[in-house]
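Open the model in a viewer and keep the sequence at hand. The stops below say what to select and what is there.

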Amino acid sequence: MKTRVLISAVSMFALISSSTTFASEDYAARFGIENDVPGMCSYASIDAKDYSGQTLNIITHAIPVMGEPTALHAKQFEELTGATVNVVHVPFGDLFQRIMIPFQTGQNAYDVLFYGSLWIGDLNPYLAPVPEKYRNSPGMQDVTRNYIDVATWDDQMIQYPVDGDRHYLKYRTDIFENPDMQARFKSETGRDLTVPATWEEYNEVARVFSGWDWSGDGNLNYGSAEVAKRDDLMFSAFISRAAAYAKHPNVKGGFFFDLETMEPQINNPGFVKGLELFVEASRDWAPGGANFGLGDEIFAFGGGQALMSYSWDDAFIQAQQEDSPIRNQVAAAPLPGASEVWNRDTGQWDSFDEPSRAPYITWGWTSAVSDRSENKEMAFDYLCFFSNEANTESDLQIGRFGVNPYRESHFDSAFWTDKLGWDADLATSYVETLSGMDSSQNRVFDLRVPGVSQFMSSMATGVASAIAGQATPQEALDGVAAEWKQIVDRIGVDTVREAYARVVALEDNQ
Amino acid sequence: MYGLTRYKLLFLLPGLLILLGIILFPLGFTIRVSFSGWDAARPGLDWIGGTNYSRLFADGRFWESLSRLGAIAFTSVILEYLLGFALALLVWRQVRFRRLTRVLFLIPMMTTPVVMAVIWRTIFHESLGPANDLLSLLGMGSIPWLTNSFWATVVVILVDVWQWTPFMFLLLLAGLLSLPREPFLAAAIDGAGPIRTFFNVTFPAMAPISVGALIIRLIEASKIMETVYVITSGGPGTSTETSSYYIFIRGLRDFQIGYAAALSVTYLVIMIVLLTIIAKSLSRYLVKNGA
């Protein structure tokens, strides 16, 4: 009897093992993934669910950035579960209103939303909390502290992390390590050519390497490419620059506002210094550089025209494409810092022996499920499937998808060397820069409050007017501060303060 | 008789209702929204009285955008009129090429504005675009097309002129072709040269059509948006920001729906008043003096 039971058990085990292996190979072949990683969000687990006859409506960005993986995984989800999945693609400029209007008018238009994480201040009343079983999944447990923080509102996770974004410095190692270039830089500035540790150094390097053909391809090169077009995400570039001077590591209670008084800080000497250096840098940009949007910045650095840039991952990934002329000739570094930082408590500049850095955990793509959705289970299953280990590993390798590292496991340099053929030094600089931002105690987050678009739009207009020479940096930011006061009054000081307190809690590491 | 009137009304009613639905309802709703504080934080149609309108009168950026729009619209429409008239006069007598010319000139007008704006943005890209390449081939320096306030305005006008001159050309050519031959024969018998014939016969005879063409184009040009959106985003600074682009920013980017509605209503009223005055003035000076 015992022998028969043992034989049966062994047979069953063999059968299960073989079927699992077969299924795993099958998914890899069918869906172009490397391996299905077992777990609640895996291909096998989702395949076991039956959503036939049910419909999932998704709103996302235009193809390719985030729109393409949304559509790809929606099609796979349909095949696995039998559900009908409708994906609506919307250009970024229209995305907020296309999400917000149905919410405000009581319609149940979309079950799943993909959008910019900084809109959490506006969208939080309409989002469903992520259920515990998804929060406890291995994939979610692997998400880094930054992106758990970004997804959280009132101690509740209401955004489902699918991407990690931050601003960091990218530069050309072939130029920085070239003895001739080093000698030229030293002769012009009297100091060694090093990766910029402050924004003053960044501007100096950019100035020396602007307007001549240092790449030897017959075309003029430039020191820096920056996102400077007013309505094309320029506000994020300005925050990256100003944070170094306006975010004091020892001053708590608000970066954009003084949380206690809700007095805007946007025109304090730290921000003004950041803008002065932004304006100074504009003199050395490539022709038309003041009209560069994110696409231009990606192309200028990724295409080899610019020596340095700073923004999201895209330019770096572009530089590392198989056909890139500068593949494996780039490196990543933290954003430059400042030797002097404005202390709004004492009203003085404080000096630092080592430059103070303020990593900007800039907004990026996130996802959520509508609180009004009648298919929440299916919606969360879709997001769980979207971000399962196999899909994420595949998506990270396709630059145009806009999916960037956001889990601890993504910061293994071997992944980038083995899967994408990056040089070891480059991969190390990349993962160390990105993971280093997580451990910082001086992080800056977006202004995640109701009406964030109004605040950012006002700031971008002020900064653009200073770059265009229509106003001095101080005048421009004084105008922004006055407008911010009006916005706070309109929305309600308590409403803004209550939301901003959550941002401050993140920045103050509470 | 009563029955006939009733039937007439019954047959007209569906059309009238549709007309009311598609014209009056959106307008009425916009006016209602303009008295609300609808934005991202305050959904719905609350009542805040004239707050949006009082805010609007102190909004320098709106008034600047309106005067900028006036400058851009007038300049581009006048250029389109002059060029369109010149081209129409050129092909007026050239019957052999008229069909080909018409087709060629229709192309800019038929293309999607956003697509063309993207192409123009590429042409005027300061480091990669062919416009500056061409200038350097001719031994001239680069022009900061999109990063200098003056040149960015020139680019916006240029693109508008490129796109809409054909419209002016077609309208004016149709006008020229419909003119009676007798006044021209009389002028020829009197020994009038081409310039005198133009100023004393052609131009006055074309005055009513010219006024119509100018007004139609002014209405259209006052809504200029796609070119600004794609090529300059209103920049550098705010130097090419027009009223419609500003309203778009406030309404759809900032999500200040109530305030954007107030801006739209004010803009509509200003445009109706201004265009009425312009139409009356043009009619008085061109049509009456010319006739």
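Predicted model: local features only at pLDDT ≥ 70, side-chain atom pairs only at ≥ 80, totals over all residues.

Select Phe255 of chain B, in the loop between H11 and helix H12 (257-290) of chain B. Phi of Phe255(B) is near 60°, a positive value in a residue that is not glycine. Is Phe255(B) buried or exposed? Phe255(B) counts as buried because 25 other C-beta atoms lie within 10 Å, and the cut-off for buried is 20 or more.

Stay in chain B and go to the loop between helix H10 (226-232) and helix H11 (243-253), where Pro236(B) is placed. The peptide bond leading from Gly235(B) to Pro236(B) is cis, and its omega is near 0°.

Now move to chain A and select the loop between strand S1 (55-61) and helix H3 (67-81), which holds Pro64(A). A cis peptide bond is found here too, joining Ile63(A) to Pro64(A) with omega about 5°. Met66(A) belongs to the loop between S1 and H3 of chain A as well. Although Met66(A) is not a glycine, its phi is positive, about 65°. Met66(A) counts as buried, because it has 27 C-beta neighbours inside 10 Å.

Next, show both chains and look at where they touch. How many residues of chain A are in contact with chain B? There are 28 residues of chain A in contact with 26 residues of chain B. On the chain A side, the elements that give two or more residues are helix H4 (92-104) and helix H20 (452-467). Sorted by class, that side of chain A has nine nonpolar, 13 polar and six charged residues.

Strand S11 (residues 306-311) of chain A pairs with S7(A) in the antiparallel sense, over four bridges.

Why is S7(A) described as largely enclosed by the rest of the structure? Five of its five residues are buried, so the rest of the structure largely encloses S7(A). In a regular strand, side chains alternate between the two faces of the sheet. On one side of S7(A) are Tyr168(A), Lys170(A) and Arg172(A), on the other Leu169(A) and Tyr171(A), and all are buried.

Two packed helices are described by the angle between their axes and the distance between the axes. For helix H11 (residues 199-208) and helix H13 (residues 269-282) of chain A, the angle is about 5° and the axes are 10 Å apart. That angle makes H11(A) roughly parallel to H13(A). To see where they meet, select Trp199(A), Glu200(A), Asn203(A) and Ala206(A) in H11(A), and Leu277(A), Glu280(A) and Ala281(A) in H13(A). By class, this contact has four nonpolar, one polar and two charged residues.

The last stop is helix H14 (residues 294-302) of chain A, which is mostly covered, with seven of its nine residues buried. Among the buried residues of H14(A) are Leu294(A), Ile298(A) and Phe301(A), along with Asp296(A) and Glu297(A). The buried residues pack against S7, S8, S11 and helix H15 (314-319) of chain A. Finish at Gly304(A), which follows H14(A) and has a positive phi near 95°.

Definitions and conventions: Residues numbered from 1 in each chain as written. Chains lettered and ligands numbered in written order. Axes fitted to C-alpha atoms, helices over the stretch in contact; angles between N-to-C directions. Parallel < 35°, antiparallel > 145°, perpendicular 65-115°, else oblique. Contact = placed C-beta atoms within 7 Å. Nonpolar A, V, L, I, M, F, W, Y, C, P; charged D, E, K, R; others polar. Pairing = 2+ DSSP bridges. Buried ≥ 20, exposed ≤ 12 C-beta atoms within 10 Å, placed from the backbone.
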